[in-house]
Amino acid sequence: MQNALLDLMLKLNYTATGDRGMRNPFKTFSFQATFFTSFILISAILISLLGITSYYITNQEVVEQTISSRKLLLNEINKQLDIQLQSVENDSLVLASNPKLIQYLQHNEDSFERIGQTSDIMDLLSRLSYVKEGIHSVQLYAKDTSLNHHIAANGVYDYGILESSSWFNEIKDADYCWVGTHPIEVESYPVDERMVVSFARKVLSSSGKEVGILVINLKMSSMQKIASSSATEVSRFIFDTRNRLIAQFNDDPADQVSYEHIKSRIAAIIEESADDHYAVASFAEKNLIIWNKQARTSWITMDIIPWDNITKGSRRIENVILVAAIFCILLAIVMAFLLSRQFVLPIRNLIRAMRLMKTGRLDVQITNDYQNEFGDMNENFNQMIERIDQLIIQVNEQNRRKREAEIQILQEQINPHFLYNTLDMINWQAIESGSREISHMLALLGKMLRIGLSSGASFITVRREMEHLHCYVELQKIRYKQKIQFVISVPESMEKYYIPKLIIQPFVENSLIHGLHAYEEGTITISGREDEQSLYLTVEDNGKGMDVEHVATGREHNGYRNVHERIQLYFGEQYGVQMDSQINQGTRVVLSLPKLLSEPANPAKGE
């Protein structure tokens, strides 16, 4: 017995060290190796997650700050551009509606009036480029003119020059238009001064006939002051509502994105992210695209920034995080090694003591100088050793008492036989004296007693339960002289199943004592039915009935409560006794039980 208890105590320990087939690391490897590896893995995972999260958040913050600042910058650029453009449009309208200029264009080229006004018209056109810094030149392309009169690029030119230009179709069917970056059509200029942005407006006579086209050219240097990029490797585009390029700027032309390369995708990108005014797209490489639209002209100023430029600072942070993570992991390795050794030492002492205990030494005690969980474990082990010694004594005492109880049970089994023999003697005495009815009652009582005792069994078959009930009914028929009718209808198919003994007779007795008391006649019906899983036994009378709510508390209904509690104790709350009763109409009791083809070995609740 002592060795059996010790084997049970050490079962978990030997299972952990002996069951290698499962390959569970916590059951296979030593505690020190498992703790050390787990600590390192968890530390590495947490540090990696922290580093990745920090990098991601920092990167997102940089992108959001870039988007916010660029939106503000582009909005300010658009405001300044709109002021410049509106000023040019107003100046062109003033010039194009000047009566002197219109009258000049309506004269014949060789007329005296036109020749005399040429000098004044030249001064009128040149004045604007002298007064305003951003104006490159002002040109008037007159119809029916073959001679060019100009000062630098300011002056009157042949209409045919304009007709041969690449952008003539843009003004041909419109009253005015803006022309994107293009080389100036007249005069020779250095390469860096030839590119201009132009505004063209038709000059109309009083009758509405076109007599010429006025073109105001803007210096690219002036546009660049307003719209140039404030950072390297950033491409900035200005284009109109039809995605025609107006101007393009980049501080590093070598890295400049070609507008022609991205033009086909610009409209779709703007439409998809119309509310956010930014998007991420790939043009050979990943780029951040931010734009702002002018309220008056609907021109769009757009920045295209390489993604690597935005995240350059984040990558530096990434390197710092990586170095910090490596340092933390190295520190975690050292700490894990030291901690694992401190944790393993008391566990090894405990294992050593348990192995000594397994050999039968119950005087083993662990020196305990810990104040934490290890101290509780050591103290519990010491107390357990003492408790095992006490339990061995108690088990021996229990075995002794068990043997005494078995002897007592054998003695008690003699008493029923004595009672059977005594009833049998009385029965023969009644027969000899001619009391046949008393003899019959004694025989029925003896049979009931045998079934009721059932050699100590708690379960009997339905057939035996019906035999017990028949004996009881026969006794009651003798008593009530056939006033009470008993109808028993239980199918033979149910007789093979086991049920708790003596669960029907109490309800028949209740019907006789409470339901049909003081009645000259009545009927008690006992019936049975079954389904796939359950048996149902019904006891029904046509007596005076009762208040069902009073059954739970009334002393006279102890039999009902006893049977109901026994059934639920054995089989669970889904089984039991249900009672239905109506005053002066009778009572109906239904017992529900599971189907059992054999007597349960250890009847317990729910089994």
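Leu512 is buried, its relative accessible area being 4%; buried here means under 20% relative accessible area, exposed means over 50%, and partly exposed lies in between (1.4 Å probe, protein chains only). This leucine belongs to helix H18, which covers residues 505-515. Helices (H or I, at least four residues) and strands (E, at least two) are DSSP runs, numbered from the N terminus.

Setting aside neighbours within four places in sequence, Leu512 is in contact with Tyr472, Gln476, Tyr480, Ile484, Phe486, His517 and Ile524. Contact means heavy atoms within 4.5 Å. Gln476 is 36 residues from Leu512 along the chain, and the C-alpha atoms of the two are separated by 8.9 Å.

## The model and the chain as a whole

The structure is a predicted model, in which local features need pLDDT of at least 70 and side-chain atom pairs count only at pLDDT 80 or more, while totals for chains, interfaces and linings use all residues. Residues are numbered from 1 along each chain as its sequence is written, and side-chain values use heavy atoms, with hydrogens and water left out.

The chain contains 20 helices and 18 strands. Of its 607 residues, 40% are buried. Among contacts in the chain with a separation of 6 or more, 61% are between residues 24 or more positions apart.

## Helix H17 and its two partners

Two packed helices are described by the angle between their axes and the distance between the axes. Axes are lines fitted to C-alpha atoms, for helices over the stretch in contact, and angles run from 0 to 180 degrees between N-to-C directions. Angles under 35 degrees count as roughly parallel, over 145 as roughly antiparallel, 65 to 115 as roughly perpendicular and the rest as oblique. A crossing is left-handed if the near helix is turned anticlockwise from the far one by less than a right angle, and right-handed if clockwise.

Helix H16 (residues 436-453) packs against helix H17 (residues 462-480) at an angle of about 150°, and their axes are 9 Å apart. H16 is therefore roughly antiparallel to H17. The crossing of H16 past H17 is left-handed. H16 contributes Glu437, His440, Met441, Leu444, Lys447, Met448, Ile451 and Gly452 to the contact, and H17 contributes Arg464, Glu467, His468, Cys471, Tyr472, Glu474, Leu475 and Ile478.

H17 also packs with H18, at an angle of about 20° and with the axes 10 Å apart. H17 is therefore roughly parallel to H18. Here H17 passes H18 in a right-handed crossing. The contact is made by Glu465, His468, Leu469, Tyr472, Gln476 and Tyr480 of H17, together with Gln505, Val508, Glu509 and Leu512 of H18.

## Two residues in strands

Asn217 is placed in strand S6 (residues 210-219). Asn217 is buried, with a relative accessible area of 0%. Not counting residues up to four places away in sequence, Asn217 touches Gly134, Ile135, His136, Ser137, Gln139, Ile184, Val196, Val197 and Ser198.

Met195 lies in strand S5 (residues 195-204). With a relative accessible area of 32%, Met195 is partly exposed. Its contacts, apart from neighbours within four places in sequence, are Thr181, His182, Pro183 and Met220. The C-alpha atoms of Met195 and Ser221 are separated by 9.5 Å, and these residues are 26 apart along the chain.

Most residues other than glycine have a negative phi, and most peptide bonds are trans. Ala152 has a positive phi of about 55° although it is not a glycine; Ala152 is located in the loop between strand S2 (149-151) and strand S3 (154-158). His277, also not a glycine, has a positive phi of about 60°. His277 is placed in the loop between helix H11 (259-272) and strand S9 (278-283), and its relative accessibility of 29% makes it partly exposed.

Helix H20 (residues 558-571) has 14 residues and reaches 20 Å from its first C-alpha to its last, close to the 20 Å expected at 1.5 Å a residue. The expected span is 1.5 Å times one less than the number of residues in the helix. Buried residues in H20 are Tyr560, Arg561, Val563, Ile567, Tyr570 and Phe571. Gly572 follows H20 and has a positive phi, near 100°.

## Cysteines

A disulfide is a pair of cysteine sulfur atoms within 2.5 Å, and by this rule the count is 0 disulfides. Cys177 is buried at 9% relative accessible area, whereas Cys328 is partly exposed at 34% relative accessibility.
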